[in-house]
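Q: I am new to this structure and would like to learn how to read its pockets and one of its residues. Could you take me through them step by step?

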Amino acid sequence: MNQITSKIAGTGSALPKTILTNKELETLVDTSDAWIQERTGIKERRIAKNQENTSDLAIAAAQKALKNANLSANDIDFIIVATFTPDSIMPNTACLVQAALHADHAVCFDLNAACSGFLFALQTAHAYICSGLARHILIIGSENISKTLNWNDRKTCILFGDGAGAVVLSISDSSKHALLDFETGSDGTRSNVLTLSGFQKSFLQMDGQEVFKFAVRKVPEIILTLTQRNHLCPEEIDWYFLHQANARILTSVAKRLSLPLDKFPSNLSSYGNTSAASIPILLDEYHNSHKLLPGQKIILSGFGGGLTWGSCLISW
Ligand code: UT7
């Protein structure tokens with residue numbers, strides 16, 4: 001009997017319908033479409049309506065992921081929502097998702113590690129499955145960042161968008177289709193560079209340059225740790241799904257690893273930075289368009305507030 005491990009069995013995503021373009025932002029703050037595109041790669045982002053919550057996006061993404069995995073809500077043992085913008089402090093957003101889906105057997109909790117939240121939730125779920133505590137876990141990265149932004153602050157409001165991405169992680173007995181390894185970490189001594197002191201009571205604040213420098217140094221480092229530990233070289237990885245924060249971060253990481261940029265999928269131009277949702281949204285787009293082939297090696301990499309970072313090596 002092979003060792004028990006986990007695999008991604010289905011994906012789904014949901015984006016608000018309302019589009020906010022760079023041109024429209026020009027009417028709100030002293031910025032330009034040219035500056036935003038050149039410095040970030042973003043053209044437009046999606047913005048949730050006033051009454052549209054993080055849970056609404058999470059539920060829509062979760063329903064698609066369940067369908068894609070050919071499972072019913074009854075099969076789900078845990079629901080983990082990675083978010084720093086929950087509907088409320090209590091109840092947690094995962095319980096709201098459970099109620100909507102009728103996932104009656106699920107244990108539900110939220111996990112906050114900002115833009116690394118999806119990676120940390122994936123590692124948590126992987127550990128539950130490998131320990132025999134669960135067979136199927138719904139992991140959702142869902143954010144409603146627009147409601148935390150100061151729309152007079154051009155250094156932050158141009159960057160972020162709302163959305164949700166979900167995966168179903170299921171038990172696997174084959175390392176050919178499995179999450180193979182993780183490299184994760186945190187540095188709380190640098191918590192001041194990206195903050196939101198109280199959801200719905202304050203604004204997101206960011207020292208963009210510090211986060212940028214951290215990302216372009218840390219991400220290649222953890223990718224190399226992960227590949228070396230698994231006797232792979234970076235060229236042998238088919239896809240690098242990085243957190244979508246800034247197109248220049250993707251370019252810089254690719255350059256530092258001496259890799260072609262076409263190994264680094266991106267949807268920044270359409271959605272901006274959706275924090276914990278960015279990686280599962282992108283994964284869903286690629287999975288849905290059949291770009292991911294069985295056995296391909298994939299690395300997911302998240303980084304952000306905390307500071308936090310995490311990478312996962314997958315055999316698809
Ligand atoms: O999700 C994880 C966390 N977030 C990130 O990973 C974000 C990482 N950081 C970034 O993406 C970039 O630092 C930003 C996009 C936020 C900013 O880009 P930058 O190239 O680092 O710009 P900067 O802050 O160094 O500012 C350069 C200039 C400044 O003007 P002066 O002082 O040179 O005259 C800014 O005032 O650009 C100005 N500026 C803008 N101009 C037009 C800053 N924001 C804007 C803007 N429009 N929106």
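Q: How much space lies in the second largest pocket?

A: The general idea is that rolling a probe the size of a water molecule over the atoms shows where empty space is left. In this model, which is predicted, about 400 Å³ of space lies in the second largest pocket.

Q: Which residues lie nearest the centre of the second largest pocket, and how does its lining divide by class?

A: Phe84, Asn112, Ala114, Thr195 and Leu196 lie nearest the centre, out of 21 lining residues. By class, that lining has 11 nonpolar and 10 polar residues, with no charged ones.

Q: How much space lies in the largest pocket, and which element gives the most to its lining?

A: The largest pocket holds about 630 Å³ of space, and among its 26 lining residues the closest to the centre are Trp35, Lys155, Met206, Gly208 and Gln209. Helix H7 gives the most to this lining, with four residues, and the lining as a whole comprises 12 nonpolar, eight polar and six charged residues.

Q: Where is Thr274 found, and is Thr274 buried or exposed?

A: Thr274 sits in the loop between helix H9 (268-271) and helix H10 (278-288). A residue is called buried when its relative accessible area is under 20%, and Thr274 is buried because its value is 1%.

Q: What lies 3.1 Å from a polar atom of the side chain of Thr274?

A: The backbone nitrogen of Ser278 lies at that distance. Beyond its neighbours within four places in sequence, Thr274 is in contact with several residues, including Glu143, Asp162, Gln244 and Ile281.

How values were computed: Residues are numbered from 1 along each chain as its sequence is written. This is a predicted model: local features need pLDDT of at least 70, side-chain atom pairs count only at pLDDT 80 or more; totals for chains, interfaces and linings use all residues. Side-chain values use heavy atoms; hydrogens and water are left out. On a 1 Å grid over the protein atoms alone, a cavity is a set of points where a 1.4 Å probe fits but cannot get out, and a pocket is an open set with protein on both sides within 12 Å along at least five of seven lines; lining residues have an atom within 4 Å of a point. Grid points are joined across faces, edges and corners, and a volume is the space filled by probe spheres set on the points. Helices (H or I, at least four residues) and strands (E, at least two) are DSSP runs, numbered from the N terminus. Ala, Val, Leu, Ile, Met, Phe, Trp, Tyr, Cys and Pro count as nonpolar, Asp, Glu, Lys and Arg as charged, and the others, Gly among them, as polar. Buried means under 20% relative accessible area, exposed over 50%, partly exposed in between (1.4 Å probe, protein chains only). A polar contact is a pair of N or O atoms within 3.5 Å; within protein, one must be able to donate a hydrogen and the other to accept it, and residues adjacent in sequence count only if both atoms are side-chain atoms. Contact means heavy atoms within 4.5 Å.
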